[in-house]
Protein chains: 2
Amino acid sequence: MFQLENKTETKKSLKKVGEKVLKDIETGNNPSLEVPIRALSNVKFDEKSKMLTMGKATAMRYFFNVAHVRKFVQTVEAAAVAKELLDVDKHLSLREAFYRMKRTLPDSNINLVDEQVESNQAIEDLELISNASRELLHINANKMGSVAGKVVVEDKGDRVDWSKLGSGGWSIPSNVEEIEFKKVNAKFIIYMEKAAEWERLHEDKVWEKLNCVIVSSQGQATRGIRRILQRLHIEHKLPIYVLTDFDPYGWYIYSVLKFGSISLAHISERLAIPEAKFLGLTADDIEKYDLKKHLIKFEEVDFKRLDQIANYDWFKNSKDWQRQFKLMKNMRSKAELAALSSKGITFISEKYLPEKIKNRDFID
Amino acid sequence: MFQLENKTETKKSLKKVGEKVLKDIETGNNPSLEVPIRALSNVKFDEKSKMLTMGKATAMRYFFNVAHVRKFVQTVEAAAVAKELLDVDKHLSLREAFYRMKRTLPDSNINLVDEQVESNQAIEDLELISNASRELLHINANKMGSVAGKVVVEDKGDRVDWSKLGSGGWSIPSNVEEIEFKKVNAKFIIYMEKAAEWERLHEDKVWEKLNCVIVSSQGQATRGIRRILQRLHIEHKLPIYVLTDFDPYGWYIYSVLKFGSISLAHISERLAIPEAKFLGLTADDIEKYDLKKHLIKFEEVDFKRLDQIANYDWFKNSKDWQRQFKLMKNMRSKAELAALSSKGITFISEKYLPEKIKNRDFID
């Protein structure tokens, strides 16, 4: 799934979708599309690829079927919008694509879509039918996050050196498909969930001292960030280390980066990084770095989330993770990376990270 | 207020705070600090400067006073952390500063601060006592947003050309105090509330065609963004145009950028831009660009927020704004800039914005 790599292939694939429907019409058949089923029942953890993936179940969607027609037409319209975008070489956000698809059908007061959830679903179906990710279809997710490190990229005719961008860094685009990596001198990547942590590491020149790339989002990583991490990992063999709080939510962020998510299982191959490793914060770090004083008591939602991730297929057989889950549960508390500031302004950059990386103190 | 401009002045001011307390101790007086009162009662809209500003009311805070001592010590500790940061030329986020201040007092189990709200308040008090903004005290707010346009800055030894950063743009730092503007060839700035809108304008090369700078946040503008807009406005006379949805929340964002906010009234002079103008979406645009079909019905919160901003002192005497508020109230609906995509992928960039700017179709 999602083996398409570029614009030419994407255009060809969209054309095939259209030709299929046209042929149905010309031969007098009921126009139809075969759509992989995006329900939980058709999502599984693939032990071999170590990713959440979609099964092979599909459903037919017919034009002459009152239960299908609305979705059928929406999917065809999504393909038309994607074709338009590829033809003029422009992109739309999901929200803009919704408005672009929200046409009123001639001689009626029926809109093709009324809510964004409809256009979103049509676009996701189109991803599956065309084998092209939303990014290749020129429909973008949200933009967020910064990056710095010894990497030079070429993007839209500009040569951008991630190591020469002052205190700000490069603002990561929502769509990184067409970026070319020109020089990659870094040895690994640290991804962190918080922009404030990124500014800490950037000010302390961690990427220079440890010869790495630092990337941050705010909370859950965007598709653009996941994809740029994955591309650097696959194309340039950079290991990815994930730095989050000692917190079920932080660990969930790690889980999504590594194994994929249920809602985006159909696109794991273009987003997930099964070899990613967890760099911090662990229950052992709380002991070792004397952070007990800074533990934050669990709320109901934390207990729930911890139970949830502890039961994930991909964590079930990991002794290391099960040990962490148990230790956290016994503590009934979480802790933040920011608490390392209590040890010194640059403690995280000059002691914690170099020590953990040198000792390869990761959880897999 | 907040007339300090640089590190030397800030250090001097912090030293003065310390010396004052020391002198109290040496002369056998009850150590005290005079703190401007940050209550609503001491905030007013200043008709002359057109900003929300703080009044002159102050309160004394004493060490030997059980009701005062905790806050007194916290403020002194905030000053100590700021001094440490300035000495080693490092910055901390608010969250990190909280942990840095969370010391346990010797021979006790009392923490100097237990919650971040305490350290935040101590830092805000310190801003007022020292006349130095939090940024000058090296304590940073959150980082967010992107910028592109014909501006070259120097920051941390790097020369960053905002017009040569591919599809990503420059990631705006949380603290922009030390950035130097080296070349400013743009004629004005468009600030927008949504990153997706920014990507639209960037892909369509609006900043190149209209010779401007484009800046986005996500939702309410961060302090870093407000300050960089203000600096470009003051130091390089660039007009600021604010592009938001037809939405009470979007208009609130405009209001904060222009006049300041109640909670940050003490720092309006370093953040507010009274000459900023509103560029986006108005009730008249809904008519003119035929967007009625895309109106989104008000919810309870929208009615409330609209009433609230309609009653702001600074909007009360504006005929133009009162007319907009009335028209919106009659429509009982809001609308998004993204809806312009229904007119064409690049409609906003090639028609809407050039037309509005050419006609100087702003609201003040």
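Chain A is split into domain 1 (7-140) and domain 2 (146-358), with bounds that come from an automatic or database domain assignment. This is a predicted model, in which local features need pLDDT of at least 70, side-chain atom pairs count only at pLDDT 80 or more, and totals for chains, interfaces and linings use all residues. Residues are numbered from 1 along each chain as its sequence is written, while chains are lettered from A and ligands numbered from 1 in the order in which they are written.

The C-alpha centres of the two domains of chain A are 33 Å apart. Their contact draws 18 residues from domain 1 of chain A and 18 residues from domain 2 of chain A; residues are in contact if their C-beta atoms, placed from the backbone, lie within 7 Å. On the domain 1 side, β2 (43-46), β3 (51-54) and α4 (116-130) of chain A each give two or more residues. β3(A) gives the most, with 4 residues. Helices (H or I, at least four residues) and strands (E, at least two) are DSSP runs, numbered from the N terminus.

| Strand | Residues |
|---|---|
| β8(A) | 151-155 |
| β9(A) | 158-161 |

The two strands run antiparallel over 4 bridges, and A:Glu154 has A:Arg159 in β9(A) as its bridge partner. Between β8(A) and β9(A) lie 2 residues, and A:Lys156 in the turn has a positive phi of about 55 degrees.

As for confidence, chain A averages a pLDDT of 95, with 99% of the residues scoring at least 70; pLDDT is the predictor's confidence in each residue, from 0 to 100. The complex receives an ipTM of 0.93 and a pTM of 0.94 from the predictor.

Conventions
Two strands pair if DSSP finds at least two bridges between them. Two residues are in contact if their C-beta atoms, placed from the backbone, lie within 7 Å.
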